[in-house]
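Subject: Structure for your review

Dear colleague,

Please find below the structure that I would like to hand over to you.

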Amino acid sequence: MAIRSVLVGAVFSLAASSAFSEETTMQNHPYLGMWITGDGHIRQELLSNGRYDEARGARKSAYQGRYQVTGDHIEYWDDTGFTADGDFIDGVLHHGGMIFYRDGRKPD
């Protein structure tokens, strides 16, 4: 029984360590924050917990879900089951045929 307790404790410790490490990495990720289309209509916030919140026009939280960034590629899984992806190219997010700028600022 003591061995089982040690093993279970080790598994929980490993899982917690992995989750902490991933969240810590996301908290410092360069792509976190607000991304906005040039016309300001669509605003997508990439949160440090691996979730996103997208507003459209006056509609706050029009879409929400989780995301994962691998290199300069992003995958989205909306809470309704919709999936999408995009790419960060030269500081600009290309997603779903739209172009998003960091905090709505077009690069010089």
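The notes below describe what was found, beginning with the overall layout.

**Overall layout**

Please keep in mind that this is a predicted model. The protein contains one helix and eight strands. Read from the N terminus, the order of the elements is α-β-β-β-β-β-β-β-β. Of the 108 residues in the protein, 28% are buried.

**Salt bridges**

In general, side chains of opposite charge can pair when their charged atoms come close. Three salt bridges are present in the structure. In one of them R51 pairs with D79, and the closest N and O atoms are 2.7 Å apart. Because R51 belongs to strand β3 and D79 to the loop between β5 and β6, this pair ties together parts that are 28 residues apart in sequence. R51 is partly exposed, at 29% relative accessibility, and D79 is also partly exposed, at 48%.

Another salt bridge joins the side chains of E54 and R56, with a distance of 2.7 Å from N to O. Are these two residues buried or exposed? E54 has a relative accessible area of 3% and is therefore buried, since buried means under 20%. R56, at 30%, is partly exposed.

There is also a salt bridge between R105 and D103, where the closest N and O atoms are 3.7 Å apart. Here R105 is exposed, with a relative accessible area of 56%, while D103 is partly exposed, at 39%.

**Aromatic residues**

The structure holds four aromatic pairs. One of them is formed by Y52 and Y76; the pair is edge-to-face, with 5.2 Å from centre to centre and 85° between the planes. The pair links distant parts of the chain, as Y52 is in strand β3 (residues 51–56) and Y76 is in strand β5 (residues 73–78), 24 residues apart. Both Y52 and Y76 are buried.

**A charged patch on the surface**

Which residues gather in a patch of negative charge on the surface? They are D72, E75, D85 and D87. Among them, D85 lies in strand β6, which covers residues 83–89. The relative accessible area of D85 is 39%, so D85 is partly exposed.

Most residues other than glycine have a negative phi. Against that background, two residues deserve a look. S61, which is not a glycine, has a positive phi near 50°. S61 is part of strand β4 (residues 59–70) and is partly exposed, at 34% relative accessibility.

D90 likewise has a positive phi, of about 50°, although it is not a glycine. D90 sits in the loop between β6 and β7. With a relative accessible area of 73%, D90 is exposed.

G91 is placed in the loop between β6 and β7 (92–95). G91 counts as partly exposed, at 46% relative accessibility. The C-alpha atoms of G91 and P30 are separated by 9.8 Å, although these residues are 61 residues apart along the chain.

Yours sincerely,

A colleague

Definitions and conventions: Residues are numbered from 1 along each chain as its sequence is written. This is a predicted model: local features need pLDDT of at least 70, side-chain atom pairs count only at pLDDT 80 or more; totals for chains, interfaces and linings use all residues. Side-chain values use heavy atoms; hydrogens and water are left out. Patches are made of residues with over 30% relative accessible area and no salt bridge: like charges are joined within 9 Å, nonpolar side chains (Val, Leu, Ile, Met, Phe, Trp, Tyr) within 5 Å. Accessible areas come from the Shrake-Rupley method with a 1.4 Å probe; for residues, only the protein chains shown count as cover. A salt bridge is a side-chain nitrogen of Lys or Arg within 4 Å of a carboxyl oxygen of Asp or Glu. Lys and Arg count as positive and Asp and Glu as negative; His and the chain ends are not counted. The place of a charge is taken as NZ of Lys, CZ of Arg, CG of Asp or CD of Glu. Helices (H or I, at least four residues) and strands (E, at least two) are DSSP runs, numbered from the N terminus. Buried means under 20% relative accessible area, exposed over 50%, partly exposed in between (1.4 Å probe, protein chains only). Rings of Phe, Tyr and Trp (its six-membered ring) pair if their centres lie within 6.5 Å; planes under 30 degrees apart count as stacked, over 60 as edge-to-face and the rest as tilted.
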